[in-house]
Amino acid sequence: MSDTATTGSGLEQTRRLGVESTGIEIIEESARTARPRDLFWPWFAANVSVFGLSYASFVLYFGISFWQGVLVSVVGIVVSFALCGVIAIAGKRGSAPTMILSRAAFGVQGQKVPGVISWLVSIGWETFLAILAVLATSTIFTRLGWGGGTGTKIVAAVVVAALIVAASVAGYHVIMRMQSVLTWITGAVTVLYMALTLDDIDWSAVQAVPAGSTQAVIGALVMVMTGFGLGWINIAADWSRYQKRTASGPSIVAWNTFGGALAPVVLVLFGLALAGSSAEILDGVADDPIGTLATLLPTWFLVPFLLAAVLSLVSGAVLGIYSSGLTLLSLGVRLTRPQAAAVDGLLLTLGTFYVVFIAEDFAGPFQSFLITLGVPLAAWAGIMIADLALRRRDYDDEALFDASGRYGAFDWTSIATMAFASLVGWGLVINSFSDAASWNNWQGYLLGPLGLGGRDGAWAFANLGVLFSLVIGLAGGYLLRRHAVARQES
């Protein structure tokens, strides 16, 4: 198994240098030493970001009340991270990256279909986090009178990119140690931020925010699910592949959900109170999330706040770039894992510099792009969860790398299910940035024929397509592949 298992020398090098040499191959038994509770640290550190406060404004922009916002935030965050936890079970069953394990459902070659989508989503999200870190630095430096212009942005972009690339190249072991430290730093500063801004909450104004329609509530719920757990679901097993095969599946789901959901729930609920108190905060977050939140702080706390904000954004970006590198390898690119992470880090750096210094309008086209990719990603997640539910045994390590093995080259049932779910999903979402991304105005073609009011109707902004895509993938995968999975395991 030289092509599918970590060599002894590679493991020894990891222990000595702290640089993970393991790529997409199966983690050898002696290296599977992680415990379910270890999953708390990377998920908590990546999500204990003050940026989570800004999601409250996005929720209220749907025209719903504070209490409706509380409902969709708690349900959306917890359920979406629980789905991540389910996918994480695959990591302990197969001890390989998420997109390698996806080969059991899509075939060794067929996995490249969701693999390309997963890679694009990961690169997009992590570039977005890096951009936010650079813009936050510029905004806070400007308020402190330390500059904030082009020079500051260049230095910030270089430092942020260097931190992300260095950590992602170092790999799993360094990242796990780093996340356990960042958790305490960012967590402490975030709690202090909440204490300092508590007086900015006007409960009478919060309670006066009018309630919204059912369609608006569903739209906000889908947005929360997509922005939190579903945004990570394509990499969930990457962080559980070092778990022992005997680890408890429910424990993995529980710790994954607890680590991922704890901070966002608290942050979004506090953010709902802040955004509901002030129209200035509500509107400002859309253009500059971190900078707007910083306007509520005393000058002496700006530097600690900036440090925590940048580190939390970098923390999330590191997880994404590390996993996007693994996804790149799963597509057949012949690089080592550190090289793949470096390539993705370079793309992130170029994307950050382009957006910060050249692009005139980025937010609209970028979000439209991510919504479009979120539909097939939800379909993949449904199929993957169904595949996990059907299996009674661990994955066949060798077959995951052999197109002539039990998983085959292509599973056309899964590919067809994903295609159908995506077509339905795209027909039930609309491009909310029609002016900035006119090339994406083809979506929403089922809203009229299905009697949902068309692209201008009440259901247009509910983003039903993401939910439908997830459910179709789950139901189709479970019902149509039962016999195929049984044959694979016989």
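In this predicted model, Asp-387 is buried, because its relative accessible area is 0% and burial means a value under 20%. The salt-bridge partner of Asp-387 is Arg-481, and the closest N and O atoms of the two are 2.8 Å apart. Asp-387 belongs to helix H18 (residues 363–390), whereas Arg-481 sits in the loop between helix H20 (464–480) and helix H21 (482–489), so the bridge ties together parts that are 94 residues apart in sequence. Arg-481 also counts as buried, at 1% relative accessibility.

Arg-481 takes part in a further salt bridge, with Asp-411, where the closest N and O atoms are 3.0 Å apart. This pair links distant parts of the chain, 70 residues apart: Asp-411 is placed in the loop between H18 and H19, and Arg-481 in the loop between H20 and H21. Asp-411 counts as buried at 10% relative accessibility. Through salt bridges that share partners, Asp-387, Arg-391, Asp-411, Arg-481 and Glu-489 are joined into one network.

Another pair consists of Arg-406 and Asp-396, with 3.0 Å between the closest N and O atoms. Arg-406 is partly exposed, with a relative accessible area of 42%, and Asp-396 counts as partly exposed at 24%. In total, the structure holds nine salt bridges. In general, side chains of opposite charge can pair when their charged atoms come close.

| Salt bridge | Closest N and O atoms |
|---|---|
| Arg-481 and Asp-387 | 2.8 Å |
| Arg-406 and Asp-396 | 3.0 Å |
| Asp-411 and Arg-481 | 3.0 Å |

A search of the whole structure finds two cavities of 30 Å³ or more. The largest cavity has a volume of about 330 Å³. Its lining comprises 22 residues, of which Ala-46, Asn-47, Leu-129, Gly-227 and Trp-232 lie nearest the centre of the cavity. At least two lining residues come from each of helix H2 (40–47), helix H3 (51–60), helix H7 (112–144), helix H12 (229–232) and helix H16 (302–330). H7 gives the most to this lining, with five residues. By class, the lining of the largest cavity has 11 nonpolar, 10 polar and one charged residues.

The second largest cavity holds about 30 Å³ of space. Leu-53, Ser-57, Gly-271, Leu-274, Ala-275, Ile-281, Val-285 and Leu-293 line the second largest cavity. H3, helix H13 (249–277) and helix H14 (279–287) are the elements that give two or more residues to that lining. H13 provides the largest share, three residues. The lining of the second largest cavity divides into six nonpolar, two polar and no charged residues.

Finally, the surface carries a nonpolar patch formed by Val-333, Leu-335, Val-343, Leu-346, Leu-347 and Leu-350, with about 460 Å² of accessible area together. Val-333 is partly exposed, with a relative accessible area of 33%; patch membership requires over 30%.

Note on methods. Residues are numbered from 1 along each chain as its sequence is written. This is a predicted model: local features need pLDDT of at least 70, side-chain atom pairs count only at pLDDT 80 or more; totals for chains, interfaces and linings use all residues. Side-chain values use heavy atoms; hydrogens and water are left out. On a 1 Å grid over the protein atoms alone, a cavity is a set of points where a 1.4 Å probe fits but cannot get out, and a pocket is an open set with protein on both sides within 12 Å along at least five of seven lines; lining residues have an atom within 4 Å of a point. Grid points are joined across faces, edges and corners, and a volume is the space filled by probe spheres set on the points. Helices (H or I, at least four residues) and strands (E, at least two) are DSSP runs, numbered from the N terminus. Ala, Val, Leu, Ile, Met, Phe, Trp, Tyr, Cys and Pro count as nonpolar, Asp, Glu, Lys and Arg as charged, and the others, Gly among them, as polar. Patches are made of residues with over 30% relative accessible area and no salt bridge: like charges are joined within 9 Å, nonpolar side chains (Val, Leu, Ile, Met, Phe, Trp, Tyr) within 5 Å. Accessible areas come from the Shrake-Rupley method with a 1.4 Å probe; for residues, only the protein chains shown count as cover. A salt bridge is a side-chain nitrogen of Lys or Arg within 4 Å of a carboxyl oxygen of Asp or Glu. Buried means under 20% relative accessible area, exposed over 50%, partly exposed in between (1.4 Å probe, protein chains only).
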